[in-house]
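Student: I have a structure to study. Could you take me through how its terms are applied?

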Amino acid sequence: MEQPALLEMRNISKEFPGVKALDNVSLAVRPGTVHALMGENGAGKSTLMKCLFGIYAKDSGTITLDGQEVHFKSSKEALENGVAMVHQELNQALTRTVTDNLWLGRYPKVGGVMVSERAMRQRTKEIFDQLEVHVDPRAVMSTLPVSQRQMVEIAKAVSYDAKVIVFDEPTSSLTEVEVEHLFRIINMLRQKGCGIIYISHKMEEILRISDEVTIMRDGQYVATKAAKDLTMEEIIRLMVGRELTNRFPPKENVPGEVILEVEHLSGKYTRLEDASFQLHKGEILGIAGLDGSGRTEVLETLFGAMTRSGGTIRLHGKEIRNKNPGESIKNGFALLTEERRATGIFGIRDIRDNTVISNLKSYLIGGICLNEKKMKADTDWAIQAMHIKTPSQKTQIRSLSGGNQQKVIIGRWLLTKPEVLLLDEPTRGIDVGAKYEIYDLIIDLAKEGKGVIMVSSEMPELLGVCDRILVMSGGKLAGEVDAKNTSQEEILTLAAKYV
Amino acid sequence: MSKESKNLQETARAFGGAKRVGDILLNNALIIIMVIAVIYIAFRNQNFIKAASIINILAQTCAYLPVALGVGGCIVLTGTDLSAGRIVGLTACISASLLQAVTASSKMWVNLTPPPVLLVLVIAMVIGAAIGAFNGFFVAKFKLHPFIVTLASQLIIYTFLLLYMKAGNNGGMAISGLDKSYSDFITGCPQFIKNLTGGITIPNYVWISLLLTVVMWFIWNKTTFGKNMFALGANEEAARVSGVNVFATTVLVFALAGAMYAVTGFIEGARVASNTANTGLNYESDAIAACVIGGVSFVGGIGKIRGVVIGVLMLRLIFVGLNMVGVNQDLFYVIKGGIILFACALDMRKYLVKK
């Protein structure tokens, strides 16, 4: 009854100087199935895929496609043999059109020289129609939201008529509606007999879409099981190698009096319109909503990183302006941005520089010279308090894992002794174990009496950590729910209110 | 553990070690090559390592150093500054014209008694800083690339310089006949230092330049402004949301750079002693080359004062040395160009993420 595998990777090993990245890992994908590949960050999923696509040369092991042994030397060669990948990080020519991006590297030609715009447009339309993708093929890539760019990338992979398609975290920037759409596309591919490798951290998705699940840990193969026999707890246990009884730490914070009142907050250049809400001392206030619903805009407008067109902000009953980030920091606000790499870390600088940057004024001696000793002590504190795993303070931050980078940035903000913490997707791209630590930190902060506003696209996270949840829709506040007495369905209904 | 796998591990470690040594050699290749070149030159011409020659190299280095220290900050911000040379020229001519001796022939400002030397230095630095702030304003306010802004401003400055040369009584002539107070302040050497060095002159501007280096080191490493500058170069958006005043920091980096160019201008005014509108021409290219050689990266957010100093020194060593072994002057430019290309390629190699 077992069909022969379409793609089989057997006993793959890969060693980098000092690290065994892959140790005898095997993966077999049967045609017409979705095979999920799971593991914490650093478990070796990406390395395995890079070995498949010839980006890394494997040290040992064999890869067979349709029974034939293959050695791809580049992604291009893999593509030509029907193995495609949708990358997590989009590598697109942003200043070019959708069509140009779709056919990049294989433009249809007229007379061997000239690119045939007509053929390109027509074939783009065919593929988009087939996949029900509603994106203007003539639109310039940079004008599209990330989710639509992701759909273009998915369409591109499909357009190669690939036998095997790898999806690497395809839903990290998609809205719930688009995730449904993606799943329809995947189902279509599955019926066509394609083999799908699906890499994701989102358990709910994995259990829904996949047929089989292979789990990796620390570069080693752990198990392959049928998805229907697995539970979320079981997957986590296999991934982490220990019982994680709870995905969320116990909530021990007790909301107190109102500290922050926001009325009619509107953005000048964004769609944020007329948002009013309150934040209590020691409270964790969640903000839910679809991508582009104005969640991030609430935080950044409040922080003065986006321009405000109207509305009042009162802290302890006193009106404040928060005209720019500098002023907001003085008023006791802190913002953890959504895109850690683009707007959070100074990748090339070390941990210490990254930690002290928002708090430099407090290290001044005589108004001029910075106190090196005090900066070192504060960084030590941050490393201890946030449990940051780093060889030293002088390590470049970009060499740390996502979770540790995030802890450094949280440490940076805690040094400014904020009263109101604005956290935008605090656990994005962080593995399960580290997520728990971040939740723990957030709840601890609330326990100490800080007000926390937290944006997240992962609903279980909002339900597990927050006290109240605001739901944004189409730039407006669609409603407010009590985290204890609500459901994902209620939040989703509110999120679709003004779409 | 089996013996075999142990052997394997050791081989891997040795291999890793060899690779690390290779990396170290490659990352410092430029300095290694220059050291070899210096040793070679010293063998070919013994005079190269005599005190007089060393002092000469040191003095030349110190004359060019302030420009490189200024441009370094602009490069840390992932920018550049093409107007450096013209600012040197303008401030050199202004300094010299204000400090012409009363007895000088065709004196630009006939009725001017030379003001105090330090006052003129301050005037030059204010002019330099103002032009720098102008550059910084356009970079920060309109988000123009510094290459474009300074490409434009160096042209604008050149017109000012040409007009200034025709001002007063000068009529476009070279500005010479400097007041003794000025020449002494820059190129003089107190007797007690001569006594110490056994009669060899170390011009005063060397000390000015070294003092500036210390000040710049302090600014880069020990002040809020310095930390902000590096953060801004490493990630502008992150700096903005971290509360760094991006506008003010950018303007200040360029203004500081302008003031530094003015110091070189002030030194050149007396060192060259006969200044035309061509004074300072192309100084920026040497300065940028020196910064890159010294590891101030165009990637942004990376650089050390130590590196800038080494970069300027290395370039001077090579040029003085090439002269001494009698290399054809025409070949200098190909050597300079080669060094810049090689240095940039090596530098990028360090920051590229390997795929």
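Student: What stands opposite A:L335 in β21(A)?

Tutor: A:L422 does. The two strands, β18(A) and β21(A), run parallel and are joined by 4 bridges. Two strands pair if DSSP finds at least two bridges between them. With 4 bridges against at least two, β18(A) and β21(A) therefore count as paired. The model is predicted: local features need pLDDT of at least 70, side-chain atom pairs count only at pLDDT 80 or more, and totals for chains, interfaces and linings use all residues. Residues are numbered from 1 along each chain as its sequence is written, while chains are lettered from A and ligands numbered from 1 in the order in which they are written.

Student: What makes β18 (333-336) of chain A an edge strand?

Tutor: β18 pairs on one side only, and so does β24 (476-482) of chain A. The open sheet has 6 strands in the order β18-β21-β22-β15-β23-β24 (chain A), with mixed pairing. A strand here is a DSSP run of E, at least two residues; a helix is a run of H or I, at least four; both are numbered from the N terminus.

Student: How do you know that α9 (residues 295-303) of chain A packs on this sheet?

Tutor: Helix α9 touches β15, β18, β21, β22 and β23 of chain A. Contact means that C-beta atoms, placed from the backbone, lie within 7 Å. The direction of α9 makes about 145° with that of β21(A). Such angles run from 0 to 180 degrees between N-to-C directions, with axes fitted to C-alpha atoms, for helices over the stretch in contact.

Student: Why is one side of β14 (275-280) of chain A left without a neighbour in its sheet?

Tutor: β14 stands at an edge and has a single partner strand, so one side has no neighbour; β17 (318-320) of chain A is likewise at an edge. The order in this open sheet of 4 strands is β14-β13-β16-β17 (chain A), with antiparallel pairing. β16 (residues 308-315) and β17 of chain A share 3 bridges. A:L315 has A:K318 as its bridge partner in β17(A).

Student: Why does the size of chain A agree with a compact globule?

Tutor: For 499 residues, such a globule would have a radius of gyration near 23 Å, and chain A has 24 Å, so the two agree. The radius is taken over C-alpha atoms, and the rule is 2.2 Å times the number of residues to the power 0.38.

Student: How many residues of chain A touch chain B?

Tutor: 27 residues of chain A are in contact with 22 of chain B. Elements giving two or more residues to that side of chain A are α10 (325-330), α11 (340-344) and β20 (369-370).

How values were computed
Two residues are in contact if their C-beta atoms, placed from the backbone, lie within 7 Å.
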